[in-house]
Amino acid sequence: MNIICLDFEASGLGTSSYPIEVAWRNAGSGEQDSFLIDPQSVPGWTHWDEVAEGIHGLARAELYDQGVTAAAACWRLNRALEGKTVYCDALEFDHFWMRRLYDAAQMRPLFRLRGLEVLLNAAQRQRFLDAIECQDRNHRALDDVADLISALKYAYERS
């Protein structure tokens, strides 16, 4: 299965939220990357939802200490994913945060982001959803990407 999955974690779910972590993994090769994004690198990225922090477990201080700038994040993603189609499970949210990231860096993504549903027929989609429902996700980007790939493999194996 040569599919690349991507996931973002964010400061919240509202319109003033922004991406704070991104990860991707190629299901075929195992190649992957994951990194935090420093919100201090973007003027106006100040919104912080403590409920979201409780879900992903990332503190602002960790982002400040270990995060890369928005521009570095875009450059890193573009270098690794250029020309590829990348899949996510929550296209509306992930596209929003990708757009916020690239707009902040005044760059454009050199890859396409699509929803996982385009990869699955109706029966596969139901098996995928069943697998996701059984997972105990911790909402860190790289772990979530691994969970998505595991659920996709399950959906395909059973078809």
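Predicted model: local features only at pLDDT ≥ 70, side-chain atom pairs only at ≥ 80, totals over all residues.
Visitor: Which residues lie nearest the centre of the largest pocket?
Guide: Phe8, Glu9, Leu13, Trp97 and His139 do, out of 19 lining residues. A pocket here is an open set of points on a 1 Å grid over the protein atoms alone, where a 1.4 Å probe fits, with protein on both sides within 12 Å along at least five of seven lines, and lining residues have an atom within 4 Å of a point.

Visitor: Which elements give two or more residues to that lining?
Guide: Strand S1 (4-10), helix H1 (50-56) and helix H4 (91-105) do, where helices (H or I, at least four residues) and strands (E, at least two) are DSSP runs numbered from the N terminus.

Visitor: How do H3 and H4 pack, then?
Guide: Helix H3 (residues 70-81) and H4 pack at about 115 degrees with their axes 8 Å apart, the axes being lines fitted to C-alpha atoms over the stretch in contact and the angles running from 0 to 180 degrees between N-to-C directions. They are therefore roughly perpendicular, a class that covers 65 to 115 degrees.

Visitor: Which H3 residues make the contact?
Guide: Ala70, Ala71, Ala73, Cys74, Leu77 and Asn78 of H3 meet Leu101, Tyr102, Ala104 and Ala105 of H4, contact meaning heavy atoms within 4.5 Å.

Visitor: Switching over, at what angle do H5 and H6 cross?
Guide: The axes of H5 (residues 122-134) and H6 (residues 141-157) cross at roughly 135 degrees and come within 8 Å. That makes H5 oblique to H6, and among the H5 residues in the contact are Arg127 and Phe128.

Key
Residues numbered from 1 in each chain as written. Heavy atoms only, no water. Parallel < 35°, antiparallel > 145°, perpendicular 65-115°, else oblique.
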